[in-house]
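Let us take a walk through a protein model together, one piece at a time. Keep the picture in view as you read.

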Amino acid sequence: MRVLLADVEDASGRQVHDYMIVESRRNGGRTPSGIVVVPVVDGRVAMLRVFRPPIGRAGWELPRGFIDETEAPSAAASRELAEETGLKCSPDELVSLGEIAPEPGVIRALHPVFLAVCDGQVVDWIQHDFGHLAFAMFSRTEIMSMIRHGEIVDSNTVSALFLWRSHDKGQEW
């Protein structure tokens, strides 16, 4: 990551000097810089329980990751899905749900969100990323309860699930 201090001006002409902007060095500061995937297997959402040191706790999250410098967002989504969950979905099988900005007041990043329908796949999950503690599938009703009870607090995950819900017409939540 790179921290920039920039002089900025809003539409009304107000200025702020040394406004902090954080951007990824990984892709040269361009956006989009990361992706989020909503993997659905036979109607259930695949999620990871991840320990996050900055907040000192674990929570359930969707697979996500950075886009490599020469990589298309859909290719990054397919790669991250396989790396983090073992689920396979080619880039052309992914459905774009839109974009989210994880923390637009500070972080220069837009994250495309993709739906990956992986029906019929069985996963023998193996932990390989730091902090990844478990893998499980949840129903829509369970997800809403987990958000209400603070088991899902990651803003990328909550926003991506909301985007999916907005596209998921006719399904009971």
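We will look at strands, then a helix, then pockets, and finally a few individual residues.

This is a predicted model, in which local features need pLDDT of at least 70, side-chain atom pairs count only at pLDDT 80 or more, and totals for chains, interfaces and linings use all residues. Residues are numbered from 1 along each chain as its sequence is written, and side-chain values use heavy atoms, with hydrogens and water left out.

Helices (H or I, at least four residues) and strands (E, at least two) are DSSP runs, numbered from the N terminus. Two strands pair if DSSP finds at least two bridges between them.

Now move to strand β8. How many of the residues of β8 are buried? Six of the seven are, so β8 is largely enclosed by the rest of the structure. Buried means under 20% relative accessible area, exposed means over 50%, and partly exposed is in between (1.4 Å probe, protein chains only). Strand β8 pairs with β3 in the parallel sense over five bridges, and with β7 (residues 95-100) in the antiparallel sense, also over five bridges. Phe-114 in β8 takes part in both pairings: Val-37 stands opposite Phe-114, and Phe-114 is the bridge partner of Ser-96.

Next comes helix α1, which covers residues 73-85. Its 13 residues reach 18 Å from the first C-alpha to the last, close to the 18 Å expected at 1.5 Å a residue. That expected span is 1.5 Å times one less than the number of residues. Buried residues of α1 include Ala-76, Ala-77, Glu-80, Leu-81 and Glu-84. An α-helix has 3.6 residues a turn, so residues three or four places apart point the same way. After the helix comes Gly-86, whose phi is positive, near 85°.

What about open spaces? On a 1 Å grid over the protein atoms alone, a pocket is an open set of points where a 1.4 Å probe fits, with protein on both sides within 12 Å along at least five of seven lines; lining residues have an atom within 4 Å of a point. The largest pocket has a volume of about 560 Å³. Of its 28 lining residues, Arg-64, Gly-65, Phe-66, His-111 and Asn-156 are the closest to its centre. The elements β3, β4, β6, α1 and α3 each supply at least two residues of this lining. The second largest pocket holds about 320 Å³ of space. Of the 15 residues that line it, Arg-52, Ile-55, Glu-61, Arg-64 and Asp-154 are the closest to its centre. Strand β5 gives the largest share of that lining, five residues.

Last, meet a few single residues. Val-117 is in strand β8 and counts as partly exposed because its relative accessibility is 48%. Leaving aside its neighbours within four places in sequence, Val-117 is in contact (heavy atoms within 4.5 Å) with Val-40 and Cys-89. Arg-165, found in helix α3, is 48 residues from Val-117 in sequence and 14 Å away in space, C-alpha to C-alpha.

Most residues other than glycine have a negative phi, and most peptide bonds are trans. Asp-18, in strand β2, has a positive phi near 60°. At 51% relative accessibility, Asp-18 counts as exposed.

How values were computed: Points joined across faces, edges and corners; volume = space filled by probe spheres on them.
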